Amino acid sequence: FLCLNVLITLSMFELGSSVFALSLVALGPMACALAATTPFVWLDRVFVPVCYMSHFVLSHFFCVPMDNLMTGENPQYQGPLCQRAPEIRHDLDLDDPLDSISRKRREAIEPNKQEKHSQATTAIVRRMVCYGGFVVRCLWFVSVVWSLNKAGSNHGFKNSKSIIPAIPVGPPVAGISVLPTRWPSPFFKPHALVCPKGRVFLADEFRVFELDKDSMQVTPFPCEVNGTIADIASDCDDTSCWPVVLLKGVPPKVYDCGEQLEEVMRQADTPAQRFSTRGQKTLYVAHGHRVIEYGWSRKRDGWVPHWDVVTLG
């Protein structure tokens, strides 16, 4: 970035009258700023590659071609950094006989020494700058390839850390309202929720909670779960509702928090990820890409599969 700042400074002095050059210099920082401050993925997919490509083009524009690197000849095209600086000669006063004699003595003793030293220094500086420019171009080229890969695969952009937050957009047919709740702990991370008849039940991997709508406080619900929670549903009667929990494992199990009973899904040889209830006698359970309907069997004392409802993928 130090080299980039030098290039930008040079462009201000030497290319100030060129609108194209100034646009090229400003394009990279502007694209980076828009990609970093906005939460939209499609902007990142466009502006991140544009940012790196503009830097790569800019670094190539200001450097001498590499086929002229080892020669002392001036190439047909070279950028401002690789041009040889004009020699500044401080001539002595030839009218002064003392200066003239001193100059002649120096030239006799050390002929062309200063000129040779200047040429050697200029060659070393030119090579250092051009080697540095080649390394910078390689780094920017790798960055261009990386950004195009990220844009093509559509992942890796940290939009959640953008300065400008994303505008919340909900389903077009649903009303959305924000509930300022008080959670039991800053480490509480619920991953399942169900809302039967105005009540709100939540669950993390270990416990079941309920939201009190009067105090907006989330408190533990009395449900003695003996396993890891995969999902939560509910069951109701004429007077109240209570949560029903899907437990991870093979075979999957269902824990009824109202009756404090653990029920097994018979004939299930794969884990279950999600489920829902329909009444007290029917379950719809997602096993990977399959959704299977289960019914309660009193004879087998568990949930037995009836048929595949749908297969996805």
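**Briefing on a predicted protein chain**

The chain contains 5 helices and 12 strands. The model described here is predicted. Of its 313 residues, 33% count as buried. The points below treat the chain as a whole, one of its sheets, and a patch on its surface.

**The chain as a whole**

- The accessible surface of the chain amounts to about 20,800 Å², and carbon and sulfur atoms contribute 61% of this area.
- Among contacts in the chain with a separation of 6 or more, 43% are between residues 24 or more positions apart.

**An open sheet of strands**

- Strands of a sheet pair through backbone hydrogen bonds, in either a parallel or an antiparallel manner.
- In this chain, 4 strands form an open sheet in the order β1-β2-β3-β4, with antiparallel pairing.
- Leu193 stands opposite Leu202, a residue of β2.

**A nonpolar surface patch**

- Trp307, Val309, Val310 and Leu312 make a nonpolar surface patch of about 390 Å².
- Trp307 lies in strand β12, which covers residues 302-311.
- The relative accessible area of Trp307 is 53%; this residue counts as exposed because the cut-off for that class is over 50%.

How values were computed
Residues numbered from 1 in each chain as written. Predicted model: local features only at pLDDT ≥ 70, side-chain atom pairs only at ≥ 80, totals over all residues. Heavy atoms only, no water. Helix = DSSP H or I, 4+ residues; strand = E, 2+ residues; numbered from the N terminus. Buried < 20%, exposed > 50% of the residue type's maximum accessible area, 1.4 Å probe, protein only. Contact = heavy atoms within 4.5 Å. Areas by Shrake-Rupley, 256 points an atom, 1.4 Å probe, with all protein chains shown as cover. Pairing = 2+ DSSP bridges. Patch = residues over 30% accessible without salt bridge, like charges linked within 9 Å, V, L, I, M, F, W, Y side chains within 5 Å. Salt bridge = Lys/Arg side-chain N within 4 Å of Asp/Glu carboxyl O.
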